[in-house]
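Colleague: Could you walk me through this one? I have not looked at it before.

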Amino acid sequence: MADCQGDGVEGATPMELYEKLTAQGEKVRSLKTAKADKAEVDAAIQLLLKLKVDYKGATSQDYKAGCPPSESAVLSNNGQSGNGAEEDTVDPWNVATNSAKGVDYDKLIVRFGSSKVDQELVDRIEKVSGQKAHRFLRRGIFFSHRDMHQVLDAYEKQKSFYLYTGRGPSSQAMHVGHLIPFIFTKWLQDMFDIPLVVQLTDDEKYLWKDLTLEDCHRFAVENAKDIIACGFDVNKTFIFSDLDYMGSSPEFYRNVVKIQKHVTFNQVKGIFGFSDSDCIGKISFPAIQAAPSFSSSFPQIFKGRKDVQCLIPCAIDQDPYFRMTRDVAPRIGYLKPALLHSTFFPALQGAQTKMSASDANSSIFLTDTPKQIKNKVNKHAFSGGKDTIEEHRELGGNPDIDVSFMYLTFFMEDDEQLEKIRQDYASGALLTGELKKMLIETLQPMITAHQENRKNVTDEQVKQFMTPRPLKFNF
């Protein structure tokens, strides 16, 4: 992504940032004057907005053309601003922040140009669905959206939509962070009684990772079992491997080609940060992730219809793919997909990065035993408590940086119980060891139940979910 990589702002002085901003502003004006492609203009504007955020963070001043930064605005600590905060890195392959609280999602909304999931939207979802909002919505875990009000407008007029989410199968075992989009997507599917397509991007993992094609496809099938174990309805859910479906669906591939024709190399470099040394497979892949956003890619489900809107629940790092998709959609005669973005599930060591399937100690895996879960939480979960019990009792802990409390916000259903834990920990009445014990007692039965469900998933069921076929869907 250009707004996270390759823009050269790391370590820049205020004056260098000012000059970059001035040059980028001139570039945007030139592109508009030349009536350049909309996607190229949008990418330039996104970089301009990102530079403005960088500038304010570094100088505590809003950028004004013709007004260079004051002498008091200085950067120190290798590009950190005066408040010690570096710009967060968020793209489809990297997530990192220096803040113990995690990524600044309000800034990310500004940088990406999405809309905040506010209380008004949560209330409206409850009104339209007739049920209490999922805890992920109530607690701001799904915090950002694109066109969700439009989806609800259409639904209120009895115009249905479908869901699309995905998984990049880079390992045989998924971790609990991977469950977040699927837990929420199942709630949406049940709530609105709509079909779901799940893309397994085994082709992507082959292009980006040091894995064989055979391993990537095998991981896709194994990951499908974990997804099925979440309880999806086989009559309303199609799970597909790119390596399988691309070769068997002319309609899907035709949409990929349409998208490819309308995105230039400069645009994907600007959006994703690709370089001239990246393989051509990476450069063309975004079109493959975009194609499921269009109902005509699934003729067996939608019978060739192009007007069924798509809603994509996903982590915010996947948004660059769909900014590109939304730009292309009207130019090839399709509806723009809507999105709901989630926050990241933090690593055990702290919210500076998300869980990684490649680091066993950063993650709670869905294959972990109760003993392994207990040991990982006790040994590796970052604490917001004080150094001694006496100090903790007197001053209290910080739940905002405590990983055990963060995990409970994802998995504990009772809002009142969660708030009491927050208050007790902040006051010092609840110790870190006691908080970790609560998390262990929450995770162990949840993961054990998932493992039981997965054991009951047969090869025949996997085949059924992954076979292109009509779904139970009323137009």
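Colleague: Let's start with a loop: where does Asp193 lie?

Modeller: Asp193 lies in the loop between H7 and strand S6 (196–200), where helices (H or I, at least four residues) and strands (E, at least two) are DSSP runs numbered from the N terminus. Before going on, note that this is a predicted model, in which local features need pLDDT of at least 70 and side-chain atom pairs count only at pLDDT 80 or more, while totals for chains, interfaces and linings use all residues. Residues are numbered from 1 along each chain as its sequence is written, and side-chain values use heavy atoms, with hydrogens and water left out.

Colleague: And what is the phi of Asp193?

Modeller: Phi of Asp193 is near 55°, a positive value in a residue other than glycine. Most residues other than glycine have a negative phi. Asp147, in the loop between strand S4 (142–146) and helix H6 (148–156), also has a positive phi, near 65°.

Colleague: Why does Asp193 count as partly exposed?

Modeller: Because its relative accessibility is 47%; buried means under 20% relative accessible area, exposed over 50%, and partly exposed in between, with a 1.4 Å probe and protein chains only. Asp147 counts as partly exposed at 24%.

Colleague: Which residues of H15 are buried?

Modeller: Asp319, Pro320, Tyr321, Phe322, Arg323, Met324, Thr325, Arg326, Asp327 and Val328 are buried in H15. That is ten of the ten residues of the helix (residues 319–328), so H15 is largely enclosed by the rest of the structure. Helix H13 (residues 280–290) is mostly covered, with eight of its eleven residues buried.

Colleague: How do the axes of H13 and H15 cross?

Modeller: They come within 9 Å and cross at roughly 75°; axes are lines fitted to C-alpha atoms, for helices over the stretch in contact, and angles run from 0 to 180 degrees between N-to-C directions. That makes H13 roughly perpendicular to H15, given that angles under 35 degrees count as roughly parallel, over 145 as roughly antiparallel, 65 to 115 as roughly perpendicular and the rest as oblique. The contact is made by Phe285, Pro286, Ala287, Gln289 and Ala290 of H13 and Tyr321, Phe322, Met324 and Thr325 of H15.

Colleague: Last one, how do H18 and H20 cross?

Modeller: The axes of helix H18 (residues 403–411) and helix H20 (residues 432–455) come within 9 Å and cross at roughly 40°, which makes H18 oblique to H20.

Methods: Contact = heavy atoms within 4.5 Å.
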